[in-house]
Structures are given as structure tokens and as C-alpha cells.
Amino acid sequence: MPELRTDRLLLRRWRESDLEPWAATNANPEVREHLGELLTRERSDAAVALMQAEFDERGFGWWALEVRATGQFIGRAGLDEVDEDMPFAGVDIGWRLMRSAWGHGYATEAALGCLAFGFEDLGLPEVVASTTVNNLRSQAVMRRIGMTRDPADDFEDPSVPEGPLRQCVLYRTPGKMLTGYTTRRDTIPLG
């Protein structure tokens with residue numbers, strides 16, 4: 001599994017010690033505001049196991065995020081294949097940070113590292129990102145990393161029940177070399 005380093009962050013394999021703070025993040029109503037119901041510890045742990053298995057299978061996915069200076073786990077960021085039931089296809093970029101990690105530029109920094117990996121290492125032709133129409137914080141990150149939105153691409157998420165979380169926006173960025181942004185990649189043996 002590749003490990004990415006940005007100026008302040010380490011994007012790495014998940015550890016047992018990440019499970020408790022990740023579960024607390026998924027049980028936080030403010031963090032889950034645009035994601036739906038709160039997750040139990042069991043569902044949160046199962047999600048980590050699935051993320052790890054998919055990463056091992058595909059060679060990309062969701063990394064655990066750690067602040068390099070302190071070693072503190074702060075959430076996740078990564079690339080994922082778009083679900084088949086969505087009205088678009090491709091590879092999606094995303095992030096979810098603990099509430100205490102908001103407002104420090106970590107989501108933007110992690111996302112830029114993920115884009116560099118996707119374009120330079122995986123050779124992706126495009127990366128997409130989606131969120132609810134009211135998730136202005138995530139939309140701001142999408143714009144900061146150079147993604148653009150065409151309102152004609154906005155959609156209703158078929159996996160979400162009727163309500164405020166169903167209407168979503170879609171951002172895109174074409175495959176390109178990120179000028180002036182690099183990450184240091186290390187290969188970590190599987191297992």
C-alpha cells in the first residue's frame with residue numbers, strides 16, 4: 001500500500017488505534033450532517049475493514065490521515081470508484097475529518113496529495129467529487145483543489161431517501177500534472 005506524505009500530513013494504512021477516534025467521528029452529528037445517520041462502533045469498524053480490503057485489491061482507496069508533527073489521527077481522505085447506481089462514472093475523491101481538524105486546511109492538503117497520486121501514479125483521465133447541495137465547506141475544498149462544477153451535472157443520489165441529503169452537486173477535474181505540488185510516496189508492504 002503506498003503511503004503519501006504532504007507538508008503536514010501522512011496518508012497511511014489504517015491502524016487498530018484509529019478505530020476508536022474514527023468511530024467517534026462517525027458518531028458526531030456535526031460531522032455526519034451531510035452524510036446521513038450516525039454510525040455505531042460496529043458499522044464504523046466494518047467500514048474500515050471494507051476500505052482496507054478495497055485498497056489492497058485495487059491499489060487505491062481511503063487512507064487514514066495523520067498529522068505528521070504530532071502523530072494524531074484526524075480522519076480519512078482518498079480515491080474511490082463511483083458506485084454503479086450513480087448517474088455518472090469514474091473515480092471519486094473525498095475526505096472526512098474529525099471536527100477538531102476542521103479549518104486548518106488539512107482537507108485541501110490531503111485532497112491535493114490524493115489528486116497527485118491519482119493523476120501521476122494511476123494515470124486517471126479525470127477525478128470527480130460529489131456532495132450534498134448544502135455542504136458548502138466541502139464544495140469550497142473542491143474549488144480550492146481546482147475542480148469545477150457544471151450545474152447540468154447536479155443529480156439526486158439514488159441511494160439516499162427523499163429529503164435534504166438527496167440533492168447533490170458534482171465537481172470534476174481532468175487528469176493533469178499538478179503544477180508545483182508533489183507528495184512523497186513510500187511503498188509499505190502489504191500484510
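One term before we start: buried means under 20% relative accessible area, exposed means over 50%, and partly exposed is in between, with a 1.4 Å probe and protein chains only. By that rule, F88 is buried, and F155 is buried too.

Now the ground rules. This is a predicted model, where local features need pLDDT of at least 70, side-chain atom pairs count only at pLDDT 80 or more, and totals for chains, interfaces and linings use all residues. Residues are numbered from 1 along each chain as its sequence is written, and side-chain values use heavy atoms, with hydrogens and water left out.

Rings next. Rings of Phe, Tyr and Trp (its six-membered ring) pair if their centres lie within 6.5 Å; planes under 30 degrees apart are stacked, over 60 edge-to-face, and the rest tilted. How many aromatic pairs does that rule give? The count is six.

Take W22 and F73. Their centres are 6.3 Å apart, with 90 degrees between the planes, an edge-to-face pair. W22 is in helix α1 (residues 19–26) and F73 in strand β4 (residues 73–81), so this pair links distant parts of the chain, 51 residues apart. Helices here are DSSP runs of H or I with at least four residues, strands are E runs with at least two, and numbering goes from the N terminus. W22 is buried at 1% relative accessible area. F73 is buried as well, at 7%.

Back to F88 and F155. Their ring centres lie 5.0 Å apart and their planes meet at 65 degrees, so this pair is edge-to-face. F88 sits in the loop between β4 and β5 (91–97), and F155 in strand β8 (residues 155–156), so the pair ties together parts 67 residues apart in sequence.

There is a cluster, too: ring pairs link W14, W22 and F73.

Charges over rings. The test is NZ of Lys or CZ of Arg within 6 Å of the ring centre and within 35 degrees of the ring normal. R58 has its charged end over the ring of F60, 4.8 Å from the centre. R76 does this over W62, at 3.8 Å.

Cysteines. With a disulfide taken as two cysteine sulfur atoms within 2.5 Å, the count is zero. C114 is buried at 0% relative accessible area. C168 is buried at 5%.

Last, the helices. α1 and helix α2 (residues 41–58) pack at about 115 degrees, with axes 9 Å apart. Axes are lines fitted to C-alpha atoms, for helices over the stretch in contact, and angles run from 0 to 180 degrees between N-to-C directions.
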